[in-house]
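Open the model in your viewer and keep the selection tool ready. The stops below go from the whole chain to single side-chain pairs.

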Amino acid sequence: MATSMTLAAGDQVRNLLSKWDDPEEPLAPLSDHQLKVLDQLETLSSGNKVEKDEKLGEDDAVLSSLQIEYTNAKEFMSAFTKVVEPEMQREIDCRYLSAVAAFRSYRTECGDLRDEVQKALDQLELLQTDYKFVTNKTGALHCECESLLSEQSKLAGVSEAIQSKLRHFVELEALQQKLHAPSLTVLSDGFIPLLTRIDECLVFLENHPEYKESAAYVIRYRHLQSNALGMIKAYVSSTLEQSARQVQAASQRSAQANPELDTFTLLYVKFKSHAPRIKSLTAQIEERMAPSKLLYSDILEEVQNSYFAQRNLLLAQSLDQAIQDLKEKHPKDHCSFLRQSASLLARLCHDETQLYYQFFSKSNSALDDFLSSLCAKLYDAFRPIIVHVLHLETLSELCSILKQEESATDVRAFKECLRAMLQDVQERLVFRTLVYIRTDILGYNAAAGDLAYPEKLEMMQTIAETLAGAPPSLSRSSSRASLASESAVSSAGEAKRRHSSVSGAAACPADIHGMWYPTVRRTLLCLSKLYRCLDKSIFQGLSQEVLAMCIESLVLAADSISKRNKTPLHGRLFEIKHLLILREQIAPFQIDFAIKETSLDFTRIRDAALSLMNNKNRLFSLGTNNALLEFLFEGTPQVKENLIDSKKAVDKQLKFVCERFIDEVSSHLIGSELRSYLDRCLVITAQNDPNIILKKQPFAEPSAASKIVSAAYRDLKERLARLQKAMSLYLANRDTEAILFKPIKSKTVVFYEKLNKMFEDNYTQDDLMIIACPSAEQISMRMSQL
């Protein structure tokens, strides 16, 4: 079937090939140019064939035999089918035939190999049968042996378990004999293993209460354990008591022989010599402590109590005497007493802590209690001293010493004692501060010299000008540097000075601390001491009161100065100067001066009570409008929080004083007569009555107006000079003076603008020439020259 399909396909191809160059109907007709190219190719191929024929030999001979010239493709295809195709078929079949022959030889060899393998399998099956028989016999023998060995091991384990459990019962008598042996002591090599074995037996019996007579043996083992621990306690107590007696005797002998010998060194030598032996025992007790082993905890507590009792017996009297000696040595110098006594107690606590860890391995609350009892002696001696201290300087220095000592020690009991003492000193400091601000700041009675302004500043300025040409050692800047050591400045930090002289060569007298008002100096001194000693929250509350009292005292002093000089100028400048100093000096304090004050507002209770009284007829109403229920719900007080900022209070007071100063000075520069004149003129012009002419009024005639304006301008120039001198004397800072003078200048210029506008609207040009009122630009230039 396949062959016939192949032949059919071949015939179809041949038919198509025979028609491709058919002269009548070619399948692929060629042009003349293409035919010429084919002729040329045929010529070249024929030339090449001649050369190849010479080289190929027999193949060329065969090919030459086949070279037959065909007239058309049909003849070529006929010859190809008859000669070439059978030859090609034979070549293709030759490969398959050789492969078939090879496969047949392989099949023969595989058959022989299969026969040999079958024989080998038969032999292996026979060997497998024999092997299974032998294996079954050997496995049975092995199982029997294993069962016998497991039975033997089981019986041995049972026997050993019985012996191990029974050993805890049997060893009791032997352990009792060893413990009560005369040669056994707590320092013997066998004592610790004996105690360990007692603990192991006791733990085992406690864990197995189901065993017969285990409860009875537990009691006997506990008794035995108690005896062993009692031996340890007796040895430690007797050793400590003996050491204490030896130390007391040595102290008495050394006091008689050499009273100046330090007795504290004798308190540690004897104890340290026994420490290694005792610590080996206490370490065993501490290792065995557990919640279930209360006996060890009790014994350790009794041993520690014995230790601390002996130490307290030795130290209590010596420490009391040492503190008393320091107290007598420094009856007035409380700071030296505190410094030396705290140093003594710190060294004692450190030595006692080291000695404790030479006897015991683990820390205990008993050590803190013991050290606290020693520290309490200093607290009891120092507490009466604090109560009688009146000076803030002493209290602040005591706070500094206590803080320094607290940061230097790492003993918890001593830290707590110092903290308690510090709290007492701070409490006393707060109380004395409140008294101080009431008596020395708010209640300060200013002397005549304190209110002698501006005479004090003028005198200091004269002295400064006299010393301006002196050597640097006598200059004001040097004296100012020496004054900088005041505690108010040294504690708050040297802030950048805002007040400097015009030339910058030397400090102005207004900038010298000695020229400050006493309440300002005291306020800053008080704040500097409180800042170092108190917590921030406490300091914030106190600073509110201190600054408020200081501001109030400055207000009173400013009023007194104004009355003394019969003008508010110097009083306002005095207050502005010291408020600026306050604001500058409190800036270095790195705290928030704002605090919250909580208060209760009972206004709602009052309103609710009035509503209840007005609605008595609804007291027992069963609806939602019951008057009693409304009173209960609406009559609760409200909690209000008020934020108070002392820095803002200073700024607020400064702003208020500056505004008053600006208004008063601008009014003073303008003059009351000129201001009243302008007011009268504005009243007349505001009436808009054509029958009333301003310049025809007697007071508003050009000549009268000229006198008033010229007098006011003359007074303005004189008052400007005095104002500039006063501001320079008090403020001593060009920038501050310019800031304060600017609104004064503006108010004055605005007034003269109104005045000139009024003249221009109501007077002729000739009248204006007569009046000769200075323009606003002239006033501005005149004031800018200062």
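The tour starts with the overall view and then moves through selections.

**Whole chain**

Select everything. This is a predicted model. Its protein chain has 786 residues, and 36% of them count as buried. Colour by secondary structure: the chain comes to 26 helices and two strands. Show the surface next. The accessible area is about 47,100 Å², with 57% belonging to carbon and sulfur atoms. For contacts between residues at least 6 apart in sequence, 76% join residues at least 24 apart.

**Confidence**

Now colour by pLDDT. The chain mean is 79, and 78% of residues reach 70 or more. Select residues 58-66, where pLDDT is below 50 and the model has five contacts beyond near neighbours in sequence. Then select residues 470-507. Here pLDDT stays under 50 as well, and the model has 58 contacts beyond four places in sequence. Where pLDDT is low, predicted coordinates should not be read in detail.

**Helix 4**

Select residues 73-179, which form helix 4 and include leucine 124. Within that range, pick residues 110-137. An unreviewed UniProt entry annotates residues 110-137 as "coiled-coil region". In the model this span is 100% helix and 0% strand, and its end C-alpha atoms lie 41 Å apart.

Which residues make a nonpolar surface patch here? Show side chains for Leu113, Val117, Leu121, Leu124 and Leu127; their patch covers about 490 Å². Centre on leucine 124. Its relative accessible area is 53%, so leucine 124 counts as exposed, the cut-off being over 50%.

**Salt bridges**

Side chains of opposite charge can pair when their charged atoms come close. The count for this model is 18 salt bridges.

Glutamate 200 is partly exposed at 40% relative accessibility.

*Helix 6 to helix 8.* Select lysine 233 and glutamate 302. The N to O distance in this salt bridge is 2.7 Å. Lysine 233 sits in helix 6 (residues 214-257) and glutamate 302 in helix 8 (residues 294-329), so the pair ties together parts 69 residues apart in sequence.

Glutamate 664 is in helix 21 (residues 646-670) and arginine 572 is in helix 18 (residues 568-585); the pair links distant parts of the chain, 92 residues apart. Compare the two ends. Arginine 572 counts as buried at 6% relative accessibility, whereas glutamate 664 is partly exposed at 25%.

**Helix 23**

For the last stop, select residues 702-730, which make up helix 23, and find glutamine 724 there. Glutamine 724 counts as partly exposed because its relative accessibility is 27%. Glutamine 724 and phenylalanine 741 are 9.0 Å apart in space and 17 residues apart in sequence.

Notes: Residues are numbered from 1 along each chain as its sequence is written. This is a predicted model: local features need pLDDT of at least 70, side-chain atom pairs count only at pLDDT 80 or more; totals for chains, interfaces and linings use all residues. Side-chain values use heavy atoms; hydrogens and water are left out. Patches are made of residues with over 30% relative accessible area and no salt bridge: like charges are joined within 9 Å, nonpolar side chains (Val, Leu, Ile, Met, Phe, Trp, Tyr) within 5 Å. Accessible areas come from the Shrake-Rupley method with a 1.4 Å probe; for residues, only the protein chains shown count as cover. A salt bridge is a side-chain nitrogen of Lys or Arg within 4 Å of a carboxyl oxygen of Asp or Glu. Helices (H or I, at least four residues) and strands (E, at least two) are DSSP runs, numbered from the N terminus. Buried means under 20% relative accessible area, exposed over 50%, partly exposed in between (1.4 Å probe, protein chains only). UniProt positions are given in the numbering used here, feature names are shortened, and annotations may be inferred rather than shown by experiment. pLDDT is the predictor's confidence in each residue, from 0 to 100. Contact means heavy atoms within 4.5 Å.
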